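User: Could you give me a close look at one helix packing in this model, and then work outwards from there to the rest of the chain? Cut-offs included, please.

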Amino acid sequence: MTQYSEGTPRDLSEALKESTKDVHEQAENTEFMKSFQKGQVSLREFKLYLASLYYIYCALEEESEQNKNNPVYEPVYFPAELNRKTALEQDLEYFYGPTWRNEIQCHEATQKYVDRIHHVGQHEPELLVAHAYTRYLGDLSGGQILKKIAQKSLKLPSTGEGLAFFSFPGVTNISKFKQLYRARMNSIPMDSATKEKILKEAKNSFLLNVEVFKELQSLASQKRPLENNDLIQPKSQLHTRGNNRTQSSVPTKESDRTQMRHTDMLPSTPIIRWALALFFLAATIGVGMYAM
C-alpha cells in the first residue's frame with residue numbers, strides 16, 4: 001500500500017493545489033499579469049502572449065500525443081476537449097495575417113519552458129501530468145476571466161475572433177469537466193516517489209511561467225515604432241495583407257522623375273493653361289502674319 005507523509009493531502013489533485021499555492025500566487029503577481037488583470041494590456045503585449053503560448057502548447061501537445069498510452073499520463077489525456085494549438089493558430093492568423101509563422105518568435109524564457117516539456121516527455125513522461133495540470137486547468141479557470149478582459153480592453157469582436165484560445169467548445173460545463181479531470185488525476189496509479197516528483201515538477205512549471213511573464217513584460221516595454229500589425233483590422237483585411245505587400249503603390253525614382261517631367265512643366269490650374277494656350281496661339285498667328 002502506498003504511504004503518504006502526515007499532513008500531505010492523499011489525492012493528487014489536492015496535493016497539487018496545496019503545493020503550488022505560493023508559486024501560483026507568484027505567477028499571478030508578476031507585473032505582466034497584474035496589468036493584464038487590470039485591463040491594461042496592449043495589443044502588442046497580447047500578441048506576444050499568444051505567440052508564447054503557441055510554442056508552449058505545441059510542445060505540450062506533441063509530447064502528450066507521443067505519451068498518450070503511458071499508464072500515468074493516459075487518464076488525463078483529453079485532446080478533443082483541451083488541445084489549444086489549433087485555436088492559437090486561428091488567433092495568430094487573425095492578428096498577424098497569413099504570414100504569421102514568419103512574424104512570431106520564440107524568445108529565451110519561452111524556449112526554456114518548451115525545452116523542459118520536451119525533456120519531460122522524452123525522459124520522464126509521468127511528469128507531463130504536472131504540466132498538463134498547470135496549463136489546461138489554469139486556462140479553463142482564469143483564462144475565462146482573461147478572455148473578457150482582453151475582449152473589452154482591445155475592443156475585439158463580440159463574435160470571439162482573436163479569442164479562440166480561451167474558448168473550449170469541447171467542454172460543455174467547465175466546472176463538471178474540472179471535477180472529472182481531478183477525479184482522473186486521483187485515479188492514476190503511482191507510488192509516493194512519483195507523486196513527489198509530479199508535485200515538484202508542477203512548482204517548476206509555475207516558475208517557468210513566471211519567467212515567461214517577466215520576459216513578456218520586458219519585451220513589451222522595449223520602445224519601438226508602431227507597426228501595421230499592431231493595429232486591429234477586420235479579418236478580411238488581415239487575410240489579404242500579405243498579398244498587398246508586393247503590390248506597393250509607392251512609385252520608383254525613375255517614375256518619379258518621369259512624372260515630374262510631364263507634370264511639373266505645366267501650370268496646375270485650367271484657367272492659366274487656357275490663357276497660355278491663347279497666348280501661344282496669338283503669338284503663332286502674329287509670327288505668321290509677320291512672315292507673310
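Analyst: Let's start with α8 and α9: the axes of helix α8 (residues 108–123) and α9 come within 9 Å and cross at roughly 140 degrees. The axes here are lines fitted to C-alpha atoms, for helices over the stretch in contact, and the angles run from 0 to 180 degrees between N-to-C directions. That angle makes α8 oblique to α9; the scheme takes angles under 35 degrees as roughly parallel, over 145 as roughly antiparallel, 65 to 115 as roughly perpendicular and the rest as oblique. On the α8 side, the contact is made by Tyr 113, Arg 116, Ile 117, Val 120 and Gly 121, and they meet Leu 128, His 131 and Arg 135 of α9. Contact means heavy atoms within 4.5 Å. Sorted by class, the residues of this contact are 4 nonpolar, 2 polar and 2 charged. For those classes, Ala, Val, Leu, Ile, Met, Phe, Trp, Tyr, Cys and Pro count as nonpolar, Asp, Glu, Lys and Arg as charged, and the others, Gly among them, as polar.

Before going on, a word on the ground rules. This is a predicted model, so local features need pLDDT of at least 70 and side-chain atom pairs count only at pLDDT 80 or more, while totals for chains, interfaces and linings use all residues. Residues are numbered from 1 along each chain as its sequence is written, and side-chain values use heavy atoms, with hydrogens and water left out.

Staying on α9, Thr 134 sits in that helix. Thr 134 is buried, at a relative accessible area of 8%; buried means under 20% relative accessible area, exposed over 50%, and partly exposed in between (1.4 Å probe, protein chains only). Neighbours within four places in sequence aside, Thr 134 is in contact with Ala 202, Ser 205, Phe 206 and Asn 209.

Further along, Gln 151 is also placed in helix α9. Gln 151 counts as partly exposed because its relative accessibility is 23%. Again setting aside neighbours within four places in sequence, Gln 151 is in contact with Leu 156, Pro 157, Ser 158, Gly 160 and Leu 163. Gln 151 and Glu 161 are 10 residues apart in sequence, and their C-alpha atoms are 9.3 Å apart in space.

Next comes the loop between α9 (128–153) and α10 (174–186), where you'll find Lys 155. Its phi is near 55 degrees, a positive value in a residue other than glycine. Lys 155 counts as exposed, with 72% relative accessibility.

Gln 90 belongs to helix α6 (residues 85–96). With a relative accessible area of 44%, Gln 90 is partly exposed.

Glu 81 and Tyr 136 lie 55 residues apart in sequence and 10.0 Å apart in space, C-alpha to C-alpha. Glu 81 touches Phe 168, Gly 170, Val 171 and Phe 177, if residues up to four places away in sequence are not counted. At 24% relative accessibility, Glu 81 counts as partly exposed.

Now for α10 itself. Helix α1 (residues 12–19) and α10 pack at an angle of about 105 degrees, their axes 7 Å apart, and are therefore roughly perpendicular to each other. Leu 12, Ser 13 and Leu 16 of α1 make the contact with Arg 182, Met 185 and Asn 186 of α10. By class, that's 3 nonpolar, 2 polar and 1 charged residues.

Zooming out, the chain has 14 helices and 0 strands. Helices (H or I, at least four residues) and strands (E, at least two) are DSSP runs, numbered from the N terminus. Of the 292 residues in the chain, buried ones make up 40%. Among contacts with a separation of 6 or more, residues 24 or more positions apart account for 82%. The chain exposes about 17,200 Å², and carbon and sulfur atoms supply 53% of that; the areas come from the Shrake-Rupley method with a 1.4 Å probe, and for residues only the protein chains shown count as cover.

Last item, the cysteines. The structure holds 0 disulfides, a disulfide being a pair of cysteine sulfur atoms within 2.5 Å. Cys 58 is in no disulfide, and the nearest cysteine sulfur, that of Cys 106, is 9.7 Å away.
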